[in-house]
Amino acid sequence: MARFLVAAALLASPAAAYVAPGSGMPQRQSALPTSSAAAQPMLFDFEEPAAEAQSTGACGVLAAGFGVGAVLGWLNSHKQQVAGVAAAAAVAMAPVAANAWVNYEGLEFLGGSDKVDINNANIQAYRQFPGMFPTAAAVICTHGPYNNVGDIFSIPNVDPRLMEVIKKYEKNLVCLPANPSYFIDRVNNGMYR
């Protein structure tokens, strides 16, 4: 904290640089022809008495110290508000993480209705059908893509009892073309209850 205050005070204090004309520094000459009025350099006299310059620097450091102290005091008393604003700014500046389409035409079949798309719906969408989740749903989600609903009955090495459960809910299954945004997340979309 002390380092921050010292750095802020040094940055806030006025800095002055003055190079007296004819102090040994070579004057830069232009190679372009100019008029005599424009060729005359404009010189400003910024000399101040040494005592006044030192007091101005000390006052600047003192004022900067009070200013930094006031700002830090305000921040300390308003921690939650500042944290809320910082969090909101971070969320607003963050890129959108999900690739899913909000206006996807088959959105209702991803778990929002009594019909489930076998090519794009997540394994969680099958919870609404007793006996389907997790085993029968996993069989459907780990295979595919399918051309029609009947293709799920040709999955090799599936227990006949699971096929009976799938057959029971065959009317609730639809087969839309596989969408890469949803097909890849059918088994695990990273959302857990």
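Let me begin with P145, which is found in the loop between helix 5 and helix 6, where helices (H or I, at least four residues) and strands (E, at least two) are DSSP runs numbered from the N terminus. The peptide bond that leads from G144 to P145 is cis, with omega near 5°.

Before I go on, a word about the source: this is a predicted model, in which local features need pLDDT of at least 70 and side-chain atom pairs count only at pLDDT 80 or more, while totals for chains, interfaces and linings use all residues. Residues are numbered from 1 along each chain as its sequence is written, and side-chain values use heavy atoms, with hydrogens and water left out.

Now the overall layout. The chain has seven helices and two strands, and from the N terminus on these elements run α-α-α-α-β-α-α-β-α. Of the 193 residues of the chain, 23% count as buried, where buried means under 20% relative accessible area, exposed over 50%, and partly exposed in between, with a 1.4 Å probe and protein chains only. If we take the contacts (heavy atoms within 4.5 Å) with a separation of 6 or more, residues 24 or more positions apart account for 63% of them.

Let me stay with the loops for a moment. The loop between helix 5 and helix 6 also holds N157, which has a positive phi of about 60° although it is not a glycine, and N157 is exposed, with a relative accessible area of 81%. The loop between strand 1 and helix 5 contains P134, and a cis peptide bond, with omega about 0°, joins F133 to P134. R127 is found in the loop between strand 1 (116–117) and helix 5 as well; R127 counts as partly exposed at 45% relative accessibility, and its C-alpha is 8.5 Å from that of A137, a residue 10 places away in sequence.

Which residues have the most contacts inside the largest nonpolar core? They are I118, Y126, M132, I140, I152, I166 and L173, in a core of 25 residues, and by nonpolar core I mean a set of buried Ala, Val, Leu, Ile, Met, Phe, Trp, Tyr and Cys residues joined through side-chain atoms within 4.5 Å. Helix 5 (135–141) and helix 6 (160–168) each supply at least two residues of this core, and the largest share, five residues, comes from helix 5. If we look at I152 and leave aside its neighbours within four places in sequence, I152 is in contact with I118, I140, Y146, M163, I166 and L173.

I turn next to charges. Side chains of opposite charge can pair when their charged atoms come close. The structure holds two salt bridges, each being a side-chain nitrogen of Lys or Arg within 4 Å of a carboxyl oxygen of Asp or Glu. In one of them the side chains of D159 and R161 meet at 2.8 Å, N to O; here D159 is partly exposed at 28%, whereas R161 is exposed at 60%. In the other, E170 meets K167 at 3.1 Å, N to O, and E170 is partly exposed, with a relative accessible area of 25%.
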